[in-house]
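Dear colleague,

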Amino acid sequence: MSAYSRLTPEVRGLGMTSQRARDRLVERLQGDGIRDSRVLDVMRQLPRHLFVEEALATRAYEDTALPIGQGQTISQPWVVARMSEALLEFGTPRRVLEIGTGSGYQAAVLAGLVEQVHTVERIEELLRNARRRFRKLGIANIRSKHDDGRLGWPEEAPFDGIVLTAAGAQLENALLDQLAPEGVLVAPVGPAGRQQLVRIRPHDGARLREVLCPVSFVPLLSGVL
Ligand code: SAH
């Protein structure tokens, strides 16, 4: 039984937000190449419609990014699945740091897969909403902080996994420094229109950098709002 199998009927949704809608989304993700059954199981159960505004809830199980206010978006489900799968491919990390909480959806997916998630968001209002969602869903293994995530969370380092959900021009050294020697980092890198999903992982005593696929994320910005 996976982490989110005991949610109440109230949060599970009806009609366009029902279990059937989530099942269809997961079938589509499988058709589009997502293989990790742990990731698929969590996404089958986690109600994505609670991570968007009510007016957009009926679109929550389309495989598309949606606006969450403040010019930001909840990532496309396929991208969330691919990043989670890439992070877990060579073993399950225990402690994961996410940069860019946004709606909180990616953090909640990770919280169903690993022991402890730390997540950092620079826009306070988005973080407030995300924390409300974590409470409503009874998620107890996410710690969050309002800060510029390019600095990471040094007091809590090292992390076995680091995920960025906003794209910088290059990988931040501060974040690479907070990755455990055997840790895996997954991040979009590059300017708008030319971003790649990059993975750093240990290989033969060194760090291997792999390019996984083209992606489209909002930019990683400095300072806090
Ligand atoms: N993981 C989110 C994706 C949200 S979009 C989700 O599942 O909904 C990316 C988020 O990164 C935005 O909320 C944006 O405000 C945030 N962000 C951008 N630069 C940041 C930075 N330097 N530190 C922390 N968060 C940042």
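What follows describes the ligand and its surroundings, and then the pockets.

Please keep in mind as you read that this is a predicted model.

I began with the ligand, which has 27 residues around it, and those that come nearest are Ser103, Glu121, Asp148, Gly149 and Leu221. A polar side-chain atom of Ser103 lies 2.6 Å from an oxygen atom of the ligand, while Gln106 places a backbone N or O atom 3.1 Å from an oxygen atom of the ligand. Gly149 also uses a backbone N or O atom, which lies 2.7 Å from a nitrogen atom of the ligand. Taken alone, the ligand would expose 580 Å², and the protein buries 99% of that area.

The elements that give two or more residues to the shell around the ligand are β2 (72-74), β3 (95-99), α5 (105-111) and β4 (116-121), and the one that gives the most is β2, with three residues. Sorted by class, this shell holds eleven nonpolar, ten polar and six charged residues.

I then turned to the empty space in the protein. Rolling a probe the size of a water molecule over the atoms shows where such space is left. A search of the whole structure finds one cavity of 30 Å³ or more, and the volume of the largest cavity is about 330 Å³. Of the 29 residues that line the largest cavity, Gly100, Gly102, Glu121, Thr165 and Ala166 are the closest to its centre. The largest cavity is also the space taken by the ligand, and its lining divides into twelve nonpolar, eleven polar and six charged residues.

The pockets come next. The largest pocket holds about 400 Å³ of space, and among the 18 residues that line it, His49, Leu50, Val52, Glu53 and Glu54 lie nearest its centre. Both β1 (66-69) and α6 (124-136) supply at least two residues of this lining, with α6 giving the most, six residues. By class, the lining of the largest pocket has seven nonpolar, four polar and seven charged residues.

The second largest pocket holds about 160 Å³ of space, and the residues lining it include Ala65, Thr73, Thr165 and Phe217. Its lining has five nonpolar and five polar residues, but no charged ones.

With best wishes

Methods. Residues numbered from 1 in each chain as written. Predicted model: local features only at pLDDT ≥ 70, side-chain atom pairs only at ≥ 80, totals over all residues. Heavy atoms only, no water. Near = heavy atom within 4 Å. Polar contact = N/O pair within 3.5 Å; in protein donor to acceptor, adjacent residues only side chain to side chain. Areas by Shrake-Rupley, 256 points an atom, 1.4 Å probe, with all protein chains shown as cover. 1 Å grid on protein atoms, 1.4 Å probe; cavity = no way out; pocket = protein on both sides within 12 Å on 5 of 7 lines; lining within 4 Å. Sits in = over half its atoms within 2 Å of the grid points. Helix = DSSP H or I, 4+ residues; strand = E, 2+ residues; numbered from the N terminus. Nonpolar A, V, L, I, M, F, W, Y, C, P; charged D, E, K, R; others polar. Points joined across faces, edges and corners; volume = space filled by probe spheres on them.
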